[in-house]
Amino acid sequence: MPTTRPNSKPPRQKLGGGWVALILTLACGMCLGGCAERTQPTQFFELSPESSANRAMQTRLFETGAENELLSASAASLQDLGFQIEESVREVGLLRAAKERSAREYGQYRNRFLIWLVSLGHLVIPVDLHQKIAATIVIRPASQDHARQEVRIIFYRVIWKGDGQADRNYIPPGEQKMEMIRDPEIYQQFFAKLSKAVFLEPHSI
Amino acid sequence: MNRRQVIGAVGIVTAALVLHGCVAPEPRQELFAPTDAQMKIRSAQSRTFEVNDSTVVMRGVIAALQDLGFIIERANAPLGLVTAARFAEPNYYDVLGVTVTVRPQEAGKTMIRANAIYNSKPIEDPKVYQNFFAAVERSLFLVKD
């Protein structure tokens, strides 16, 4: 018994294959464009030029000696923003919290439909489905007499993609993508909440 | 030679070949002894600071890691343990992890040891650890002020 079926329409198949190959090549080219600037391991522990700007965005100083109150107020502010506290270490003033939300966006669905249309139904790109937004807070004394505290919060998110299709190859769901959140407004919002909670005016560094 | 003898001969040769690997190797004494390479990497990963409060050093390490863009995943103050990770931006597939231990030494000194892994492979380049300790030094200096 033959394991493959004789092909009845070879020329048409070939044309379709060519189209798909072209689109795949273009898509790969776009994806790989970001891979060119790959960081070398030796650079990982070097301070990047933008690190001081990030530090300023993520840090506020509070004129208080009550570190524990500041820590519990931070936890409460995160709870107000819908986060769940995952880890806390009082001795070093550490809090880690996360919340999970949908990551579906209208624009991505529109792009998926357009690519599907252009590729004649051969290519269905995966869209973002689910995301986990996480925050890490570290509070530490900023002066010798512990009269001033420095609060630093870092937000980041992990996104999970849905499934897709490239010609006859099924792209399974669950591909992960991570990104640091660098939107100053989110940090301002958090610090506004925190300063209301502790009745103190936050100072920028 | 009849058939039985042939089968017997083949069986003996096969058994000899198979059993050849079963000779117990001599247990080597130096199996767990530190090699030169291990010593070298350990000294690159460790540094002693003249600060007597290990909590201060630990906070300094955490601040340095945050400056370097790491996400602090776990910390244990009594054990002086910090675990952090970051992904190699802009490439979000590669993950860089680091475990730091802070241990008080005699005469008011504190030792820091860092182990970094890149995509679950240990980093053995001393330059990487030099950069890390430079960042810690900077951050400890800031804490002191």
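Trainee: Where is the place of A:Leu120?
Mentor: A:Leu120 sits in the loop between α4 and β4 of chain A. Helices (H or I, at least four residues) and strands (E, at least two) are DSSP runs, numbered from the N terminus.

Mentor: Keep in mind that this is a predicted model, where local features need pLDDT of at least 70 and side-chain atom pairs count only at 80 or more, while totals for chains, interfaces and linings use all residues. Residues are numbered from 1 along each chain as written, chains are lettered from A and ligands numbered from 1 in the order written, and side-chain values use heavy atoms, leaving out hydrogens and water.

Trainee: Why is A:Leu120 called exposed?
Mentor: Its relative accessible area is 61%. The cut-offs are under 20% for buried, over 50% for exposed and partly exposed in between (1.4 Å probe, protein chains only), so A:Leu120 is exposed. Its phi is also worth a look: near 55°, a positive value in a residue other than glycine.

Trainee: And what makes A:Ser119 count as buried?
Mentor: A:Ser119 is at 3% relative accessibility, so it counts as buried. This serine is in the loop between α4 (106-118) and β4 (123-124) of chain A. Its C-alpha is 22 Å from that of A:Glu175, a residue 56 places away along the chain.

Trainee: How do you know that B:Asn119 is partly exposed?
Mentor: B:Asn119 has a relative accessible area of 33%, so it goes into the partly exposed class. You'll find it in the loop between β5 (110-118) and β6 (121-122) of chain B. B:Asn119 isn't a glycine, yet its phi is positive, at about 50°.

Trainee: Why is B:Gln66 called buried?
Mentor: Its relative accessible area is 3%, so B:Gln66 is buried. B:Gln66 belongs to helix α3 (residues 54-67) of chain B.

Trainee: Which residues is B:Gln66 in contact with, leaving aside neighbours within four places in sequence?
Mentor: From chain A there are A:Thr136, A:Val138, A:Arg152 and A:Ile154, and from chain B there is B:Ile72. Contact means heavy atoms within 4.5 Å.

Trainee: Over to the helices: what makes α3(A) and α5(A) oblique to each other?
Mentor: Helix α3 (residues 67-80) and helix α5 (residues 184-198) of chain A pack at about 130°, with axes 9 Å apart. Axes are lines fitted to C-alpha atoms over the stretch in contact, and angles run from 0 to 180 degrees between N-to-C directions. Under 35 degrees is roughly parallel, over 145 roughly antiparallel, 65 to 115 roughly perpendicular and the rest oblique, so α3(A) and α5(A) are oblique to each other.

Trainee: Which residues make that contact?
Mentor: On α3(A), A:Leu70, A:Ala73, A:Ser74, A:Ser77, A:Leu78 and A:Asp80 take part, and on α5(A), A:Phe190, A:Lys193, A:Leu194, A:Ala197 and A:Val198.

Trainee: What pattern does each chain follow along the sequence?
Mentor: Chain A, with 5 helices and 9 strands, reads α-α-β-α-β-β-α-β-β-β-β-β-β-α. Chain B has 4 helices and 6 strands and reads α-α-β-α-β-β-β-β-β-α.

Trainee: How many residues does each chain have, and what share is buried?
Mentor: Chain A has 205 residues, 37% of them buried; chain B has 145, of which 37% count as buried. Among contacts between residues at least 6 apart in sequence, those joining residues at least 24 apart make up 65% in chain A and 48% in chain B.
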